[in-house]
Amino acid sequence: MRFVSTRGRAPELGFDDVLLEGLARDGGLYVPDALGKLPGELPLSYVDVAAAITGIDAGVLTEAYATFDHPDVCPVVQLDDHLWVQELWHGPTLAFKDVALQVVGRLMDSELERRGERRTIVVATSGDTGSAAIAACVGRANLDIVVLHPADRVSEVQRKQMTTVDEPNVHNVAIEGTFDGCQDLVKAMFADEAFRNELQLGAMNSINWGRVVAQIPYYVTAQLAVGHPCTFAVPTGNFGNVLAGWYARRMGAAIERFIIGSNTNDILARWVADGALVTGEVVPTWSPSMDIQVSSNLERLLFELLDRDGARTADLMVRFREIGSVEAPRDPSFAAARIDDRETLNVIRDVHERYGYLIDPHTAVGVGAARKATRDGERIVCLATAHPAKFPDAVRKATGIEPPVPERLAAALEGEERFDVLQNDVELVKGYVSAKTLPS
């Protein structure tokens, strides 16, 4: 399989090169030149399904998912006749990002070992990607990682999961500002060809196709577990998670549609409603991983909706970044709903009272959106993207209950934090990355 850039001006690459490149050299995102179809019959185990869909070696997948605490990797829990929850948080950092990153880290390290190369991974995080990327890089001989998170805009638990990791190849930076600012810094570093080449930059954000493809299998296994065509409700920030589902549907999974759950930062819900992408101020919420205005992975979908025309996609994205407002095509398989903080807490409380089941605030946004946008008789699978113990303040405020803390999380909360604070200045951040990762 070959991969092309959404902006049409970068060279076509194979999977291993795409994995290591991350962001295309023309500023676009890599997508496959053609999608395969799901096999007529799929195996039973999660690892075997993932191997059949992605083409990734089953041995790599087995090793990656041995770090999870559930034999089904991403188990499905039925709450009532029309609502299921797929728990994506059984990995080492208790968030859905582990499903892809435990695979991506191993693939990257193995390919770099084969080439005799090393990469500096630069990651922007709104909360969960950072710790999952760090967990994917710890112990990897050919990877350094620098994680940028927005200062005071991630939960205390999320921050400590990143900053208590004491490893020589791990570096954490709190950037003054928002996640969008962190994401812009990463893209600016990749856009500087000399800097990118000198430091051999790599990416583990969902701009990396490896992240997206490794998330496709859980949509397929969830639909098989339900046993009927179903709709997925997905709490959505950077659009990578729900995009993986869209690809699963294109490959033949029996998925009827998708319900995007947005918090107060509802640019995606507004786009689904009226076809306009209009940025606004990023507002802190109880679901901080979704406090985003510029959803990077939307570019991959827009490329498909613009008939894979790289020039048109590039023009649309440049205009959007310049003026913060653009008309953009939509796909009828998407519905969306906005869930504010009050509604988020109400959903956490109601789900616990009704089913005896605790959910985190991001999952609550997904459930709340499903309730607003569901159709009669529709079977809904809501993706549970994080363990409730990662957001104890919201769960406690909603239910009065302190969520149980898994042992692997308790260790992080007790560790000594190590991180630096920097202004949102690309030259300052580039100097920091160079000082931390280049040989002295």
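1. Start with helix α3 (residues 58-65) and α4: their axes come within 9 Å and cross at roughly 125°. That makes α3 oblique to α4. For the angle classes, under 35 degrees is roughly parallel, over 145 roughly antiparallel, 65 to 115 roughly perpendicular, and the rest oblique. Axes here are lines fitted to C-alpha atoms, for helices over the stretch in contact, with angles from 0 to 180 degrees between N-to-C directions. Helices (H or I, at least four residues) and strands (E, at least two) are DSSP runs, numbered from the N terminus.

2. A word on the model before going on: it is predicted, so local features need pLDDT of at least 70 and side-chain atom pairs count only at pLDDT 80 or more, while totals for chains, interfaces and linings use all residues. Residues are numbered from 1 along each chain as its sequence is written, and side-chain values use heavy atoms, with hydrogens and water left out.

3. Back to the α3 and α4 pair. V60, L61, E63, A64 and Y65 of α3 meet V99, Q102, V103, R106 and L107 of α4, where contact means heavy atoms within 4.5 Å. These residues divide into seven nonpolar, one polar and two charged. In that count, Ala, Val, Leu, Ile, Met, Phe, Trp, Tyr, Cys and Pro are nonpolar, Asp, Glu, Lys and Arg are charged, and the others, Gly among them, are polar.

4. The other helix pair to look at is α13 (residues 298-305) with α14 (residues 310-323), packed at about 135° with axes 9 Å apart. α13 and α14 are therefore oblique to each other. E299, L302 and F303 on α13 make the contact with G310, T313, L316 and M317 on α14, a set of four nonpolar, two polar and one charged.

5. Now the cores. The largest nonpolar core has 90 residues, and Y65, M204, Y219, F232 and F239 have the most contacts inside it. Such a core is a set of buried Ala, Val, Leu, Ile, Met, Phe, Trp, Tyr and Cys residues joined through side-chain atoms within 4.5 Å. Helix α4 (residues 97-115) gives the most to this core, seven residues. Beyond its neighbours within four places in sequence, M204 has contacts that include L101, V104, M108, I121, A133 and R211. There is also a second, separate core of 27 residues, with L345, A364, V367 and A398 among them.

6. Helix α5 (residues 128-137) is largely enclosed by the rest of the structure, because nine of its 10 residues are buried. Buried is under 20% relative accessible area, exposed over 50%, and partly exposed in between (1.4 Å probe, protein chains only). The buried residues of α5 pack against elements including α4, β5 (119-124), β7 (170-175) and α9 (209-213). Just after α5, G139 takes a positive phi of about 80°.

7. α6 is mostly covered too, with six of its eight residues buried: V157, Q158, K160, Q161, M162 and T163. Its cover includes α5, β6, β7, α17 (392-399) and α18 (407-414).

8. Two single residues to check. Y46, in helix α2 (residues 46-54), is buried at a relative accessible area of 7%. Not counting residues up to four places away in sequence, Y46 touches Y65, V99 and Y218, among others. S287 sits in the loop between β11 (276-278) and α13 and counts as buried at 0% relative accessibility. Neighbours within four places aside, S287 is in contact with N263, P361, H362 and V365.
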